[in-house]
Amino acid sequence: MFDNFTFTFRTILIVLFISAAVCGEALSQTVIHVDNENPSASDDNPGTSNLPIKTIAGAANLADQINKSNTPVTVLVHPGTYRESVILPFISDHSNTPAEIVLEADSAGSVIVSGSDVWTGWTKKAGTDIYTHNWTYNWGAVPNPWPSETLEKIVRRREMIFIDGNLLKQVLSIEELEEKSFYVSEDENKVYVWPPADVNINDSTVEVAVRSGLLIVNNRENVTIRGFIFQHDNTGVDGNAVEINNSSNILIEGCSFIWNNWGGLRFNGSTDITARRNIANHNGGRGIEAWRIKNLLFEENTTSFNNWRGVRGNFTGFAVAGMKHLRIHDAVYRKHISLGNMTRGFWCDFDCENVVIEDSILADNLKDGIFIEANQGPFTIRNTAICNNKNGPGVLAANAENVELEGNVLYGNGDTQIALRGVTSSRAVSNWETGEEMHLRSKNWTMSNNVILGSNSGQTLIDVKESPADIFIDTINSDNNIWYNAENANVFKANGTHDFNGWKSITGQDTNSVFGDPDTSNMTDKQNNLLDTCMNQTSISIFSVSVDAITHDSVEISWSTSEPADSQVEYGPTESYGSTSELDTSLAFDHKVLLTGLSPETTYHFRLISKDQRGKTYLSYDFTFTTAKFADNSPPATPTVLTAIVISSSQINLSWGSSTDNVGVSGYRIYRNGSATTTTTDTYYSDTGLKQSTKYSYTVTAYDAAGNESEHSAQASATTLVDSAKLPPEAPGNLEVKVPQP
C-alpha cells in the first residue's frame, strides 16, 4: 500500500506541474531529494526530504518530467557513493523550455558517482601472495579509433581495480604479475590480484570498474552540475566519464573527474559553456576535451597527472593532453593549472579564434606546456608560467597566426622555450562557423614584456624550425622582453643560429629588450611571482580553491593539493594578511579550514599554505572573499542529545537533536577537542581518519544565515577501538612445568 501511495503521489505531482503550465500559471523552484542511504528511499518516491529518490538517474528522469512544465528543478543529492550511470534525457517534446535543471551535491565533494562496484570473496592462491576472483566480462582490447596511430594493447584495455582507493597496475600476462598489479584472464573467466604487501585484501575495499558513461547530457539548455566526484569510469580509448553534447548555457562547477580509464569530461558541439573550479586529474588519457564550442569560460580548473594509461604504451603525442580543445571560438581560460601530465599540458588544436589564456600555470608536463596548432587567432597568452616541461618546448606552435605572448614567464622547457613550425608551408583549415577556408602559417606574432629563460646550455629561447623563416621574421612584433641563458648566448634560431645582437639584426625587433639575468629591478611583481613559481615550484600544486558557508563573521575555505600536505590559511584586509589560522598538521589531499571572528561586510584577502611530508611548502595566489551583512542577532537554540558512537579504530559517528531559530537554521558546526572541524546541514556526521585507541570529545553548535551561533551542546566523548591487525600476539597460556621424579 505504501509503494502504491508514493507512486500515486509522484504521478499527481507531475500532472499538476504540467497542467499548471498549460493553464499559464507561474511555477516556483522544485527540489528533488536523492539519498541512497535513507532506508525509505525509492525511485517510486516523490523526492521529498522524507521520501527521497534512491538513485540520481531516477531523480533525473523525474526532473525531466517536471521541467517540461517550464519549472526550474534542483536535484539535491545527499552524501554517499552512487554506483550508477545517469543520462539527462534528450529534449524531444520541450526543446524550448528555458527553465533550469540543477544537479547538485548537498555539500561539495560529498557525493561520488562511481563506475566501480565493491567486490568481496577473494580466494588466495596457495603458496603465493596472489588472490583470484571470478571474472564475467569479456571486453577485450577495444578497437583502435585512429588506424594511422599505433596503439599498444595495454592502451586499449579498460579494466581498473582499486584497493582502498589506490589503482593497481594492469599487466597482460600472469607471468608479469608483481606486487600492486592485476591480470584479467578472459579465457579462464578469472582475475588475478597481487595486493600491496601490507594489505589483507578481504579486509580492504576492493573496487572493480564495471560501468562506462557516468553522466551524459544530450541536447539540453540551462543545466548546472555542481559539487560531484565522478570516478572509475571504464570507457575505453577516446571515451569520457562525463559528456555534454549539443547543449547550451551549461555550468559545471566544483566537480572532480578523477581516476577514470580515459577521459574525464568532454564538451561537444555546444555553446555558452562555463566550467569553474573543477578538477580533472589522474585520468588514463585526457583530463578535459572540448570540440566545436562557442563562448567558453574556464576559470580555476585543474587538469593534472593525466595519461597514466597512454604512457604505459608510449602513447603521449596524439589525441591526449591535460586539456585538448578543438574548434573553440570566443574563449577565456583563467587561472588554469596543467601540471605533471604524462603528455602535453594544453593542446589547442585547429580552428581556434578569439582565445585568451591568462594567469595560468603549465608546468612539469612530459611534453610541451602548450601546443597551438593550426589556429587563425587571435590567440593570447598572458601572465602565465610555462616552465619545466620536459620533452618539448614551453610553447609549441604550428601554422598558428595572430598569437600574442604578453607578460609571461617561460623557463627551463625541454630543448627550447618557443618553437615555431608551419612557417614555410601552409595548412588549410575551415572555419566551422563561417565555412571560410583559411591557409594558415605561423606569422603575425606579438611578444612583449615576457621573461624567457633557458636553464642549461642545450635550451634555446626561440627556434623557428623551418627555413627560410622570412614570413615569421617579417611579421613579428617583439619588444620589452627579458631573454637569457647563462650558459649559452647563441640561443636564437631563425635562418641560422644567433646571439641576441644577431637576433635583433635579422628581425629589427627587441630594441628595448635585454639579454641578461632578470632581477627585481627589471621585472614586475607579477613576473617575479611567476618566476618564483617556476624556479622554486611554489604554488603549482594547490588547486580547486573554494569559499563556502560565508556568514558575517566566518567562512569555510577548502582546496586540494597534488600530494598529501598540511593545512593553513593566511588572511587579512590587505595582501599583507596579518592573521593565520591554526595549523592542521594532518597530511591530506583535500583541505578545509574554518575562519571565525571576522568583521561583517568586509573584503578579506587570503592565501593558502600547505607543506608536504618532505617539508616542501606550497603557496597559493592571493584570493578574496567578502563577509555577509550583520542583521539577525538571535542565535539558534542549542542542539540537544549529542551522542558519540564508536564504529572502528578510525571512525566515530555523531548524532544530535535538531535546533530551531527565529529565521532558520543554516547548519551545524562540529567541534572536536574544542576546535571547530567542519560544518554540515544534517543532524549526523561521521568523523573519520582518527587515531586508534584515542579518546575524542565533541560538542555541536547550530548557526543561522546571519552567522549567529548557538551555545555548545553537552559534550559527548568516545574512544576509538584498537586496530586488532596491529596488536602483538597473545601470550601463551596453560604453561605447565614438569619436574622429573628421582
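Modeller: Happy to. A residue is called buried when its relative accessible area is under 20%, exposed when that area is over 50%, and partly exposed in between. Keep in mind that this is a predicted model.

Biologist: Good. Which residues of helix 5 are buried, then?

Modeller: Helix 5 spans residues 500-507, and its buried residues are Phe-500, Gly-502, Trp-503 and Thr-507. They lie on the same side of helix 5, because they cover an arc of only 160° around the axis.

Biologist: Why would residues spaced like that point the same way?

Modeller: An α-helix has 3.6 residues a turn, so residues three or four places apart point the same way.

Biologist: And what sits on the face turned away from the buried side of helix 5?

Modeller: That face carries Asn-501 and Ser-505, which are exposed.

Biologist: What covers the buried residues of helix 5?

Modeller: The cover includes strand 41 and helix 4, along with strand 43 (482-485), strand 44 (492-493), strand 45 (497-498) and strand 46 (514-515).

Biologist: Let's follow strand 41. Is it mostly covered or mostly open?

Modeller: Mostly covered: five of the five residues in strand 41 are buried.

Biologist: Which way does strand 36 run against strand 41, parallel or antiparallel?

Modeller: Strand 36 (residues 416-421) and strand 41 run parallel, joined by four bridges. In that pairing, Ala-419 stands opposite Asp-463 of strand 41. Strand 41 also pairs with strand 44 in the parallel sense, over two bridges. There, Ile-462 faces Phe-492 in strand 44.

Biologist: What about Glu-601, buried or exposed?

Modeller: Glu-601 is exposed, with a relative accessible area of 54%. Its phi is positive too, about 50°, although Glu-601 is not a glycine. You'll find Glu-601 in the loop between strand 50 (584-595) and strand 51 (603-611).

Biologist: New topic: hairpins. How many residues lie between strand 8 and strand 9?

Modeller: Six residues lie between them in the hairpin, and Gly-127 in the turn has a positive phi of about 75°. Strand 8 (residues 123-124) and strand 9 (residues 131-134) pair in the antiparallel sense over two bridges. One of the bridge pairs is Lys-124 with Tyr-131 in strand 9.

Biologist: What else does strand 9 pair with?

Modeller: Strand 14 (residues 190-194): the two run antiparallel and are joined by four bridges. Asn-134 has Lys-190 in strand 14 as its bridge partner.

Biologist: How many cavities of 30 Å³ or more did the search find?

Modeller: The search of the whole structure found two. The second largest cavity holds about 50 Å³ of space.

Biologist: What lines the second largest cavity?

Modeller: Its lining is Ile-56, Val-86, Leu-103, Val-113, Leu-215, Ile-225, Phe-228 and Phe-230. By class, that makes eight nonpolar residues, no polar ones and no charged ones.

Biologist: Last one: what is Thr-624 in contact with, leaving aside its neighbours within four places in sequence?

Modeller: Thr-624 is in contact with Thr-603, Tyr-604, His-605 and Phe-606 once those neighbours are left aside. Thr-624 belongs to strand 53 (residues 623-626) and is partly exposed, with a relative accessible area of 44%. As for Asn-36, which is 588 residues from Thr-624 along the chain, the C-alpha atoms of the two are separated by 36 Å.

Terms used. Residues numbered from 1 in each chain as written. Predicted model: local features only at pLDDT ≥ 70, side-chain atom pairs only at ≥ 80, totals over all residues. Heavy atoms only, no water. 1 Å grid on protein atoms, 1.4 Å probe; cavity = no way out; pocket = protein on both sides within 12 Å on 5 of 7 lines; lining within 4 Å. Points joined across faces, edges and corners; volume = space filled by probe spheres on them. Nonpolar A, V, L, I, M, F, W, Y, C, P; charged D, E, K, R; others polar. Pairing = 2+ DSSP bridges. Buried < 20%, exposed > 50% of the residue type's maximum accessible area, 1.4 Å probe, protein only. Arc of directions from axis to C-beta. Contact = heavy atoms within 4.5 Å.
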